[in-house]
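Please read this briefing alongside the sequence and the structure shown below. The points are grouped by topic for a reader who is meeting the structure here.

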Amino acid sequence: MSDKDVYEYALLRVVPRVERGECFNAGVLVYCRARSYVAARTHLDEAKLTALDPRADVVGVRAALHAVESVCRGGEPAGQAAGDDAGRRFRWLIAPRSTVVQPGPVHTGLTADPRAEAERLLELLVR
């Protein structure tokens, strides 16, 4: 028997000008059903953002990334998702969007520690 559980993750991409399709990774969403865990870890590289769009709304993009983190935490700051379980919040966040902050495809893995996995993925795929 394994001490690891299945988890799912999706990258958060910043697409400063949707019509151009250029993007970069600015965060990761991690969900582990077995542990009722969902979290987002984000890191906005402002230099990349302004290189792709010198007029980008840096404050707005940062606010959108923080909003994703709030939804993951649940509770009152999560707005309409406040009462939803971790799985529903994850599914809502990975739904396709045509906005500046977009979720990428969902991938899976095994982990004994979803919190540590979120940090590992942030370092590996975002920073």
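This is a predicted model: local features need pLDDT of at least 70, side-chain atom pairs count only at pLDDT 80 or more; totals for chains, interfaces and linings use all residues.

Residues are numbered from 1 along each chain as its sequence is written, and side-chain values use heavy atoms, with hydrogens and water left out. Helices (H or I, at least four residues) and strands (E, at least two) are DSSP runs, numbered from the N terminus.

**The sheet**

- Four strands form an open sheet in the order E3-E2-E1-E4, and their pairing is antiparallel; two strands count as paired if DSSP finds at least two bridges between them.
- The edge strands, each pairing on one side only, are E3 (37–42) and E4 (101–111), and from one strand to the next the twist averages 20°.
- Strand E1 (residues 5–14) runs antiparallel to E4 and is joined to E4 by nine bridges, with Val6 standing opposite Leu110 and Tyr7 having Gly109 as its bridge partner.
- E1 also pairs with E2 in the antiparallel sense, over seven bridges, and there the bridge partner of Glu8 is Tyr31 in E2.
- E2 and E3 pair in the antiparallel sense over six bridges, where Val28 has Arg41 in E3 as its bridge partner.
- Strands of a sheet pair through backbone hydrogen bonds, either parallel or antiparallel.

**Burial of the strands**

- Seven of the 10 residues of E1 are buried, so E1 is largely enclosed by the rest of the structure; here buried means under 20% relative accessible area, exposed means over 50%, and partly exposed lies in between (1.4 Å probe, protein chains only).
- E3 is mostly covered, as six of its six residues are buried.
- Tyr37, Ala39 and Arg41 point one way from E3, whereas Val38, Ala40 and Thr42 point the other way, and all are buried.
- In a regular strand the side chains alternate between the two faces of the sheet.

**The hairpin turn**

- E2 and E3 form a hairpin with four residues between them, and Ser36 lies in the loop between these two strands.
- Phi of Ser36 is near 50°, which is a positive value in a residue other than glycine.
- Ser36 is exposed, with a relative accessible area of 59%.

**Helices across the sheet**

- Helix H3 (residues 86–94) lies across E1, E2 (24–32), E3 and E4, and runs at about 155° to E2; the axes are lines fitted to C-alpha atoms, for helices over the stretch in contact, and angles run from 0 to 180 degrees between N-to-C directions.
- Helix H4 (residues 114–125) also lies across E1, E2, E3 and E4, running at about 165° to E2.

**Glu8**

- Glu8 has its place in strand E1 and is buried, with a relative accessible area of 17%.
- The side chains of Glu8 and Arg91 are joined by a polar contact of 2.8 Å, a polar contact being a pair of N or O atoms within 3.5 Å; within protein, one must be able to donate a hydrogen and the other to accept it, and residues adjacent in sequence count only if both atoms are side-chain atoms.
- Leaving aside neighbours within four places in sequence, Glu8 is in contact (heavy atoms within 4.5 Å) with residues including Leu29, Val30, Phe90 and Val106.

- Leu52 is found in helix H1 and is partly exposed, with a relative accessible area of 23%.
- Among the residues in contact with Leu52, apart from neighbours within four places in sequence, are Pro16, Arg17 and Phe24.
- The C-alpha atoms of Leu52 and Val15 are separated by 8.7 Å, although these residues are 37 residues apart along the chain.
- Asp53 lies in the loop between H1 (46–52) and H2, and is buried, with a relative accessible area of 10%.
- Not counting residues up to four places away in sequence, Asp53 touches Pro16 and Arg17.

**The largest pocket**

- About 150 Å³ of space lies in the largest pocket, and the residues lining this pocket include Leu12, Ala64, Trp92 and Val101.
- The elements giving two or more residues to this lining are H2 (58–73), H3 and E4, and the largest share, four residues, comes from H2.
- On a 1 Å grid over the protein atoms alone, a pocket is an open set of points where a 1.4 Å probe fits, with protein on both sides within 12 Å along at least five of seven lines, and lining residues have an atom within 4 Å of a point.
- Grid points are joined across faces, edges and corners, and a volume is the space filled by probe spheres set on the points.
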